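Reader: I am new to this structure. Please take me through one part closely, and set it in its surroundings.

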Amino acid sequence: MNWDKYCNEFCKEAEHNGKNATYCNTWLQYAKSLYEKKLPIIYNQKHLCLLLGYKEEYIYAASNSAINFYRTYKIPKKNGGTREISEPLPSLKEIQRWILDNVLAPVNISVYAKAYVKKKSIKENARFHKRQPIVLSLDVERFFDSITSDKIYSLFLKLGYKEDVSVLLTNLCCLNGCLPQGAPTSPMLSNIVLTEFDNIIGKYTNEKKIRYTRYADDMTFSGDFKPGQIISFVKYNLSNLGLKLNERKIRTRKKCQRQEVTGIVVNEKMQLPKPVRKQIRQEMYYVRKYGLESHMQYCDISKENYLQHLKGRIQYGLFINPYDYELQDYLGYLDKVYGKY
């Protein structure tokens, strides 16, 4: 979009509707701040509804009674317990994806954020901490629940949107006063909210020659340092955001111990943790010795789903370490013998 052309068309339309030069200058000044940030220009709530392509009645209903536009269910956590997922219904999810692609995607986030970022992965996050004397892992307690709607409202205001537009954007992205775990907008919003925090932590660690990355709510520090100083500094800066460190998930690992970063071993070469490799090895032993049909008698899952799950774990291990010859052998065997599944 050419800015000069946009201004001319805006002024012509404004003049046609009886608006004066002051009106044009006021609104174009507002619009230019968004244009320069490569953000969509949204003048009011009605204009946002038009851009979203939904009737105003639906948008306002989703904004004012969000609980009716989600389905909530629980999934098991890796370490026990359950996690509640609030998934938006299809139309609201489409609206949130528009907000994600058009309003949030152009916003710069910290280089320390590795999750929910294009061309970055859990593997890249782990690679950064290979072969270090100490690896410290920290976790934010109730991450999405603690990022409240007032923080999201402030975020949209800082981007340059008017109060009424910011209110509607906030309501369309939040549920029960916080970010819902399951909405497509929540991950990127969390990254934007924590940008200043990441930069503060990054500056502090850089000065001390400590490596730092954040993968969603998982923070990792590596190098040669005293963990207590980092923990105190992180706790203080999290509290400034209204966030809290999960004291139960503080993990410090030295070189002689198994160092894991978001589930990937990083001591020397990156690979799956030993318990995971051992489980895959055991399952492959049974499949090879007794055959899939006999082994499946002890598994409460269909043959096709079991193979897909087993192959998926092996392929993930090869994504982490493509030169893992043991896993290459397993995958080759499964493809050769059971390729049709």
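Author: The protein chain of this predicted model holds 16 helices and 8 strands. Along the principal axes, its C-alpha atoms fill a box of roughly 85 × 50 × 35 Å. The chain has 341 residues, and 45% of them count as buried. Take the contacts between residues at least 6 apart in sequence: 67% of these join residues at least 24 apart.

Now the close look. The part is the pairing of helix H15 with helix H16. H15 covers residues 303–320, and H16 covers residues 325–338. Their axes come within 9 Å. They cross at roughly 150 degrees. The crossing of H15 past H16 is left-handed.

Which residues of H15 and H16 make the contact? On the H15 side they are Leu307, Leu310, Lys311, Ile314, Gln315, Gly317 and Leu318. On the H16 side they are Leu327, Gln328, Tyr330, Leu331, Leu334, Asp335 and Tyr338. By class, this contact has 9 nonpolar, 3 polar and 2 charged residues.

Stay on H15 a moment. Arg313 is also found in this helix. Is Arg313 buried or exposed? Its relative accessible area is 17%, and the limit for buried is under 20%, so Arg313 counts as buried. Set aside its neighbours within four places in sequence. Arg313 is then in contact with Leu272, Gln279, Ile280 and Glu283.

Lys93 sits in helix H5, residues 90–104. Beyond its neighbours within four places in sequence, Lys93 is in contact with Glu87, Pro88 and Pro184.

Next, the second largest pocket. Its volume is about 430 Å³. The lining has 14 residues, and the closest to the pocket centre are Lys158, Ile192, Val193, Glu196 and Leu241. The largest share comes from H8, with 5 residues. By class, the lining has 7 nonpolar, 4 polar and 3 charged residues.

H12 leads on to Ile250. This residue lies in the loop between H12 and strand S6, residues 251–254. Ile250 has 26% relative accessibility and counts as partly exposed. How far apart are Ile250 and Asp139 in sequence and in space? They are 111 residues apart in sequence, and their C-alpha atoms are 7.0 Å apart in space. Leaving aside neighbours within four places in sequence, Ile250 is in contact with Leu136, Ser137, Leu138, Ile231 and Leu245.

Met1 and Glu84 are 83 residues apart in sequence. Their C-alpha atoms are 42 Å apart in space. Met1 belongs to the segment before helix H1, residues 3–16. At 62% relative accessibility, it is over the 50% limit, so Met1 counts as exposed. Yet Met1 has contacts beyond its neighbours within four places in sequence: Tyr6, Tyr35 and Ile41.

Last, the backbone. Most residues other than glycine have a negative phi. Arg131 has a positive phi, near 55 degrees. Arg131 is in the loop between helix H6 (122–127) and strand S3 (134–139). Its relative accessibility is 45%, so Arg131 falls between the limits of 20% and 50% and counts as partly exposed.

Arg142 also has a positive phi, of about 50 degrees, although it is not a glycine. Its place is the loop between S3 and helix H7, residues 143–146. At 56% relative accessibility, Arg142 is over 50%, so this residue counts as exposed.

Back to the part we began with. H15 and H16 cross at roughly 150 degrees, with axes that come within 9 Å. Their contact has 9 nonpolar residues, and it also has 3 polar and 2 charged ones. Within H15, Arg313 is buried, and its contacts include Leu272 and Glu283.

Definitions and conventions:
Residues are numbered from 1 along each chain as its sequence is written. This is a predicted model: local features need pLDDT of at least 70, side-chain atom pairs count only at pLDDT 80 or more; totals for chains, interfaces and linings use all residues. Side-chain values use heavy atoms; hydrogens and water are left out. On a 1 Å grid over the protein atoms alone, a cavity is a set of points where a 1.4 Å probe fits but cannot get out, and a pocket is an open set with protein on both sides within 12 Å along at least five of seven lines; lining residues have an atom within 4 Å of a point. Grid points are joined across faces, edges and corners, and a volume is the space filled by probe spheres set on the points. Helices (H or I, at least four residues) and strands (E, at least two) are DSSP runs, numbered from the N terminus. Ala, Val, Leu, Ile, Met, Phe, Trp, Tyr, Cys and Pro count as nonpolar, Asp, Glu, Lys and Arg as charged, and the others, Gly among them, as polar. Axes are lines fitted to C-alpha atoms, for helices over the stretch in contact, and angles run from 0 to 180 degrees between N-to-C directions. A crossing is left-handed if the near helix is turned anticlockwise from the far one by less than a right angle, and right-handed if clockwise. Contact means heavy atoms within 4.5 Å. Buried means under 20% relative accessible area, exposed over 50%, partly exposed in between (1.4 Å probe, protein chains only).
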